[in-house]
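Here is a short briefing on one structure.

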Amino acid sequence: MWLSVVALVGLYYLLRWYWERQVVSHLQDKYVFITGCDSGFGNLLARQLDLRGLRVLAACLTEEGAQQLRGQTSDRLETVILDVTKTESISAAAQWVKERVGDRGLWGLVNNAGIFHPHCYSEWLKMEDYMDVLKVNLIGLIELTLSMLPLVRRARGRIVNVSSILGRIAFFGGVYCSAKYGVEAFSDILRRELQHFGVKISIVEPGYFRTGMTEPQQCLEKLKQAWEEVPVHIKEAYGQKFFDTHYDGVKQGLLKCSTNLNLVTDCMEHALTSVHPRTRYSAGWDSLFFFIPLSYLPTSLSDYILTRSWPKPAQAV
């Protein structure tokens, strides 16, 4: 009995391996537009795809980031300055891409640009923090995708949206989770709407990785600043001891972030180059073996597992 089950599971993974290893032809003729290439996943993916011979169009927020990237890549790679929170910047980037891809269209769009608010409780954030995150991580992603969609449709290409494991199970970073849940929903809808055009949509859900968004010193400074600006009545409700414990927990979590960014960019590359890309990619061991299984548990059980070690506020009942 068990031998048959093992054999079937083994056969399934063997067939899936063969199915997924088939590579798209003529990659050297295909254009891929990537956002958020100043650093982190976007920067590494741009260099990775450039080495593989694709024509990379890299969008950076700063000229400094663009110059550094061009200095690390071949002459094939081109850069453009893009702020996904500004409609005029998105329109200019779309026109810039159109001029380069011509009638071939855009094979790949990778929506990677993102920001994170201070690592604190929802009640500690200002409304501006909510709006800033939503503008970059969700609204900007949607507007850019819609601007590039005619070019992607022409090429029967790929759209790769970088979500997060926090888009599968929300337990930290209220507005960040909200934005990533939005990315998941938008991607699912788009995948179903565009299936008859030959366009394939993939979602990449990284776990905890060391990027600019999770740089310990910067994140901890932002956390302290957010706490200092919290209204007095909210501080009294939580208490300084609560904050100190929370601060230590965030610090330990940031120090444990994986530095192997290839676990994420390899997923992105596969989504762009495989004949049969996956709908979802869970990147990182924490994502695969903790958070994804946790997301399938009953809500009451997952709530207990996630919050059992959290400190209690000063005015807890």
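**Strand pairing**

Strand β1 (residues 31-34) and strand β2 (residues 55-60) run parallel and are joined by 4 bridges. The model is predicted.

*Strand β1*

*Helices α2 and α10*

- A pair of packed helices is described by the angle between their axes and the distance between the axes.
- For helix α2 (residues 40-51) and helix α10 (residues 262-273), the axes come within 9 Å and cross at roughly 55 degrees.
- α2 and α10 are therefore oblique to each other.
- Their crossing is right-handed.
- On the α2 side, the contact is made by F41, L44, L45, Q48 and L49.
- α10 contributes N262, V264, T265, D266, M268, E269 and L272.
- By type, the residues of this contact are 7 nonpolar, 3 polar and 2 charged.

*Helices α7 and α9*

- The axes of helix α7 (residues 216-228) and helix α9 (residues 240-255) come within 10 Å.
- Their crossing angle is roughly 160 degrees.
- Angles over 145 degrees count as roughly antiparallel, so α7 and α9 are roughly antiparallel to each other.
- The crossing of α7 and α9 is right-handed.
- From α7, the contact takes in P216, C219, L220, L223, K224 and W227.
- These meet Q240, F243, H246, Y247, V250, K251, L254 and L255 of α9.
- The contact of α7 with α9 divides into 10 nonpolar, 2 polar and 2 charged residues.

- H26 is not a glycine, yet its phi is positive, at about 55 degrees.
- H26 lies in the loop between α1 (2-20) and β1.
- The relative accessibility of H26 is 52%, so H26 counts as exposed.
- R156 is a residue other than glycine with a positive phi, near 50 degrees.
- The loop between α5 (127-155) and β5 (158-162) holds R156.
- With a relative accessible area of 59%, R156 is exposed.

Notes
Residues numbered from 1 in each chain as written. Predicted model: local features only at pLDDT ≥ 70, side-chain atom pairs only at ≥ 80, totals over all residues. Heavy atoms only, no water. Axes fitted to C-alpha atoms, helices over the stretch in contact; angles between N-to-C directions. Helix = DSSP H or I, 4+ residues; strand = E, 2+ residues; numbered from the N terminus. Parallel < 35°, antiparallel > 145°, perpendicular 65-115°, else oblique. Left-handed = near helix turned anticlockwise from the far one by under 90°. Contact = heavy atoms within 4.5 Å. Nonpolar A, V, L, I, M, F, W, Y, C, P; charged D, E, K, R; others polar. Pairing = 2+ DSSP bridges. Buried < 20%, exposed > 50% of the residue type's maximum accessible area, 1.4 Å probe, protein only.
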